[in-house]
Amino acid sequence: MTSTTAVVTIAHGRHRHLRRQHASLASGTLPDHYVVVAMDDRALESWTTPAEPRARVVRAPKDPRGLPLAAARNLGFRTALELGVDVLVGLDVDCMVGSATVGAYQAVAHPLADAYVSLELARSLAWWAAWTVQHDDPLGPVAAASAKAA
């Protein structure tokens, strides 16, 4: 199974840094989506990338409290999730990635998900086995064997 990956970056100004970040992403394993959140930055809202990965720029609404970083990151992550990604990589605008960075995230995504599913199955079976013992259920031996096998 292949992971769908998005790199999410928030920015206010720092356009040169963003262009350098884009170039570093373009030099390696490409993310499926590149989401850039423009924080009160009209110039950035119309930014286009000269090559893959194409940036999807999202405008963060102006906030009277200043530049709310957490709200901007959440907007970027929400946008990426709406695109159907299953791996989110949050990068600071100053972060340049190596050629294998995105690929490394993709490589571990599904093994980690599989491990989580296996853990939840084992936990559920252990609870079932405990319940059968507590209630003298005749399926106790089956539940215990299932929990042990998981």
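A: A nonpolar core is a set of buried Ala, Val, Leu, Ile, Met, Phe, Trp, Tyr and Cys residues joined through side-chain atoms within 4.5 Å. Buried means under 20% relative accessible area, with exposed over 50% and partly exposed in between (1.4 Å probe, protein chains only). The model is predicted: local features need pLDDT of at least 70, side-chain atom pairs count only at pLDDT 80 or more, and totals for chains, interfaces and linings use all residues. Residues are numbered from 1 along each chain as its sequence is written, and side-chain values use heavy atoms, leaving out hydrogens and water.

The largest nonpolar core has 16 residues. Val7, Leu18, Leu25, Tyr34 and Leu44 have the most contacts inside this core. Two or more residues each come from strand E1 (5–11), helix H1 (15–26), strand E2 (33–39), strand E4 (87–90) and helix H4. Helices (H or I, at least four residues) and strands (E, at least two) are DSSP runs, numbered from the N terminus. E2 gives the most to this core, with 3 residues.

Leu25 can be followed in detail. Not counting residues up to four places away in sequence, Leu25 touches Val7, Leu30, Pro31, Tyr34, Pro53, Leu91, Val97 and Val102; contact here means heavy atoms within 4.5 Å. There is also a second, separate core of 12 residues, which includes Ile10, Val35, Val58 and Val85. As general background, nonpolar side chains tend to be buried together in soluble globular proteins.
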